[in-house]
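Please keep the structure open beside the text as you read.

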Amino acid sequence: TWHLKKIPQIVRERTFSLDSPKFEAKTKLELNSVCGIECQRKLPVPSLSDLKNLLSYETVFENGTRTLTEVNVLGAVLDPDANTTTQRPLRMKRQIYGTDSRFSIYDKKFMTNFPFNTAVKISTGCSGILVSPKHVLTAAHCLHNGKDYVKGSKRLRVGLMKTKSRGNGRKRKGAKRNGMPSFQWTRVKSTHIPKGWFKGVSGDIALDYDYAVLELKRPHKRKYMDLGISPTIKMMPGSMIHFSGFDNDRSGQLVYRFCSISDESNDLFYQYCDAEPGSTGSGIYLRLKEPNKKKWKRKIIAVYSGHQWVDINGEQQDYNVAVRITPLKYAQICFWIHGNDENCTQG
C-alpha cells in the first residue's frame, strides 16, 4: 500500500540572475569519481542550512538566460542514519548481468498506452518520464556535468513517442517498422536542476541530487505518471522496480525491464537492472494499492542515474544506481511542477 507522508515545505526566498551558461560540456552518460557506496557511509548528515543550499536550484530558459533561486526548508526531519547502506559483495565489470532480461516493446497497443507511453527521449541522448501535462523528470547529468551545461542543452528537445504510419500504403521490402516508435519533438521552455548537483556535501559529485525537471513549451495530452515517496526495500513487493527507456544498443526501440533492489541508502537504490546508456534518466516506478481503496496505482519513486563507477577499497567497481524520491525531493519536484507548495502537502 502507498503510505501517505507529510511533506516538508520548499519556500522560495530570493531569485537572482546569473550569467548565461557556456553550454560547452560533453555529454557523459557514465560518471567517474562519484560519491558511491563507501563514500556514502562517510558523508555527514546534512544540516538544515546544508539542505537550504542543496535544494536551492538553477533555472535555465530557452533563450539561454539563467537564474538561481534560494529556498527555505520548513518541516524537514533530519535522519541520523541517512547514509547507511548494507554490505554487499563486489561485482565484476558488466552492464548486462547474466542473461539479458530486457524486453523491447513492439506492440503498438502497449507502446502508446500507459505506462509505456510516459517514457520520453531527451535530445542529449537520455530518457525521461512525463510527470505532468508539461513537465518531464530526468537525470541532472544528462544536462549538466557538475561544472557546465552540456552541448545541445541550450536547444533542448523532448521526444514523445508516436508509432510510424504506413505512409501511402507502401511497405519497404523486408521492413517491419510499423511497431517501431518515432518521436514528436517538443522544445523545452525551462530546466530546473538542484544546487546539490553542482556542489554536493562531498568533494565528488553526489548522485543524491542527480535529477532535473524540464518544462515543455507546449503541453501534451497524454497520460502521465504521478510522483510517489520512495518506500524502503522491505515495503516493496518482492523488492521489485520497473522502468522503460531508450537504450543505445537497441536503437529506435522502447526497452522495458524489472529487477530487484539489492541495497539502499537514504537517497539511493543500488540494483542489478540490465540497462545500457540511453536509458539514463528513466523514471523508476512501483505498483501499489491506494490507501483505503481497491485500486492499484503506479507511481514514480526514483530516477535511474545509470551505470556508474566508484572507488571501493582502492579498486574501481561498477553498479547501477537510482536516485530515490525522498519527502524532500518530492517537495522540490512538486514545487517545480505547480509553482507553489499548496498542492504538495501530502505525498
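## A buried lysine and its partners

Lys329 is buried, with a relative accessible area of 2%; here buried means under 20% relative accessible area, exposed over 50%, and partly exposed in between, using a 1.4 Å probe and protein chains only. This is a predicted model, in which local features need pLDDT of at least 70 and side-chain atom pairs count only at pLDDT 80 or more, while totals for chains, interfaces and linings use all residues. Residues are numbered from 1 along each chain as its sequence is written, and side-chain values use heavy atoms, with hydrogens and water left out.

What does the side chain of Lys329 meet in a salt bridge? The partner is Asp267, at 2.7 Å from N to O. A salt bridge here is a side-chain nitrogen of Lys or Arg within 4 Å of a carboxyl oxygen of Asp or Glu. Asp267 also counts as buried, at 10% relative accessibility. Lys329 lies in helix 5 and Asp267 in the loop between strand 15 (254-264) and strand 16 (268-271), so the pair ties together parts that are 62 residues apart in sequence. Helices (H or I, at least four residues) and strands (E, at least two) are DSSP runs, numbered from the N terminus.

By the salt-bridge rule, the count comes to nine. Side chains of opposite charge can pair when their charged atoms come close. Three of the pairs are set out below.

| Salt bridge | N to O distance |
|---|---|
| Lys329 and Asp267 | 2.7 Å |
| Glu290 and Lys299 | 3.8 Å |
| Glu62 and Arg187 | 4.0 Å |

Glu290 and Lys299 are both buried. The Glu62 and Arg187 pair, by contrast, has partly exposed members: Glu62 has a relative accessible area of 27% and Arg187 one of 33%. Glu62 sits in the loop between strand 3 (57-61) and strand 4 (66-74), whereas Arg187 is in strand 10 (residues 181-194), 125 residues away in the chain. Together with Lys217, these two residues are linked in a network of salt bridges.

## The fold and its cores

The chain's secondary structure comes to five helices and 19 strands. Of its 347 residues, 55% count as buried. Contact means heavy atoms within 4.5 Å; among contacts between residues at least 6 apart in sequence, 75% join residues at least 24 apart.

In soluble globular proteins, nonpolar side chains tend to be buried together. A nonpolar core is defined here as a set of buried Ala, Val, Leu, Ile, Met, Phe, Trp, Tyr and Cys residues joined through side-chain atoms within 4.5 Å. The largest such core has 66 residues, and those with the most contacts inside it are Leu55, Leu137, Val158, Tyr211 and Leu227. Helix 5 (residues 327-338) gives the largest share of this core, eight residues. Another core, of 17 residues, lies apart from it and includes Trp2, Ile233, Met236 and Ile241.

Which residues does Leu55 touch, not counting those up to four places away in sequence? They are Ile10, Val71, Val73, Tyr209, Tyr211, Leu328 and Gln332.

## Cavities

A search of the whole structure finds three cavities of 30 Å³ or more. On a 1 Å grid over the protein atoms alone, a cavity is a set of points where a 1.4 Å probe fits but cannot get out, and lining residues have an atom within 4 Å of a point. Grid points are joined across faces, edges and corners, and a volume is the space filled by probe spheres set on the points.

The largest cavity has a volume of about 90 Å³. Of the 13 residues that line it, Val60, Ser153, Lys154, Leu156 and Thr191 are the closest to its centre. Strand 10 supplies the largest share of this lining, four residues. By class, the lining has seven nonpolar, three polar and three charged residues, with Ala, Val, Leu, Ile, Met, Phe, Trp, Tyr, Cys and Pro counted as nonpolar, Asp, Glu, Lys and Arg as charged, and the others, Gly among them, as polar.

## Loop details

Most residues other than glycine have a negative phi, and most peptide bonds are trans. Phe23 has a positive phi, near 55°, and Asn292 has one near 60°. Is each of these loop residues buried or exposed? Phe23, in the loop between strand 1 (9-18) and strand 2 (34-35), counts as buried at 10% relative accessibility. Asn292, in the loop between strand 17 (283-289) and strand 18 (296-312), counts as exposed at 84%.

Definitions and conventions. On a 1 Å grid over the protein atoms alone, a cavity is a set of points where a 1.4 Å probe fits but cannot get out, and a pocket is an open set with protein on both sides within 12 Å along at least five of seven lines; lining residues have an atom within 4 Å of a point.
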